[in-house]
Amino acid sequence: IYNEVVSDLLDTTRFNLAVHDSGHGVVIDNLSRVQVHSAEEAILLLKRGLEGRQTGATRVNQHSSRSHCLFGCQLELSVQEGGIPS
């Protein structure tokens, strides 16, 4: 979120995205959804998104944030035959 404009940091062609309350929480339409299979993949994806954040110098901080970044995570667990998580 920069200058009140919501953008997708994983897909720079998606910007000025709509934000609304779904009744179950705040939703941002058309954000990228990426499936990962490990914590390491999730961290790499988060780092990739953070590279696109707007920053700039202020009198107090050389690399002050000019934006806010939101990161959502949805976990799914499937159980194989015999009750062993996969």
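**Figure 1. Asp 8, a buried residue of the predicted model.** At 5% relative accessibility, Asp 8 falls under the 20% limit and therefore counts as buried. The model shown here and in the other views is predicted. Asp 8 sits in the segment that precedes strand E1 (19-21). When neighbours within four places in sequence are set aside, the contacts of Asp 8 are Arg 14, Leu 17, Asn 30, Leu 31 and Ser 32.

**Figure 2. Salt bridges around Arg 14.** The structure holds two salt bridges. One of the pairs is Arg 14 with Asp 8, where the closest N and O atoms are 3.8 Å apart. Arg 14 also pairs with Asp 11, with the closest N and O atoms 3.1 Å apart. Arg 14 is partly exposed at 30% relative accessibility, and Asp 11 is partly exposed with a relative accessible area of 21%.

**Figure 3. Leu 31 and its contacts.** Leu 31 belongs to the loop between E2 and H1. Its relative accessible area is 35%, so Leu 31 is classed as partly exposed. Not counting residues up to four places away in sequence, Leu 31 touches Asp 8, Arg 14 and Leu 17. Which distance separates Leu 31 from Arg 14 in space, C-alpha to C-alpha? The two residues are 7.7 Å apart in space and 17 residues apart in sequence. Arg 14 is also the salt-bridge partner of Asp 8, and Asp 8 has both Arg 14 and Leu 31 among its contacts.

Figure 4. Most residues other than glycine have a negative phi. Asn 16 has a positive phi, near 55°, and Asn 30 has a positive phi, near 65°. Asn 16 lies in the segment before E1, whereas Asn 30 lies in the loop between E2 and H1. Asn 16 counts as exposed because its relative accessibility is 56%. Asn 30 is likewise exposed, with a relative accessible area of 58%. Asn 30 is also one of the residues in contact with Asp 8.

**Figure 5. The largest pocket and its lining.** The largest pocket has a volume of about 1,500 Å³. Its lining consists of 42 residues, and those nearest the centre are Ser 32, Arg 33, Phe 71, Gly 72 and Cys 73. Strand E2 (26-28) and helix H1 (39-50) each contribute at least two lining residues. Which element gives the most to the lining of the largest pocket? H1 does, with six residues. Sorted by class, the lining has 23 nonpolar, 14 polar and five charged residues. Ser 32, listed among the residues nearest the pocket centre, is also in contact with Asp 8.

Figure 6. How many disulfides are counted in the model? The count comes to zero, because no pair of cysteine sulfur atoms lies within 2.5 Å. Cys 69 is partly exposed, at 29% relative accessibility. Cys 73 counts as exposed because its relative accessibility is 59%, over the 50% limit. Cys 73 is also one of the residues nearest the centre of the largest pocket.

Methods: Residues numbered from 1 in each chain as written. Predicted model: local features only at pLDDT ≥ 70, side-chain atom pairs only at ≥ 80, totals over all residues. Heavy atoms only, no water. Buried < 20%, exposed > 50% of the residue type's maximum accessible area, 1.4 Å probe, protein only. Helix = DSSP H or I, 4+ residues; strand = E, 2+ residues; numbered from the N terminus. Contact = heavy atoms within 4.5 Å. 1 Å grid on protein atoms, 1.4 Å probe; cavity = no way out; pocket = protein on both sides within 12 Å on 5 of 7 lines; lining within 4 Å. Points joined across faces, edges and corners; volume = space filled by probe spheres on them. Nonpolar A, V, L, I, M, F, W, Y, C, P; charged D, E, K, R; others polar. Salt bridge = Lys/Arg side-chain N within 4 Å of Asp/Glu carboxyl O.
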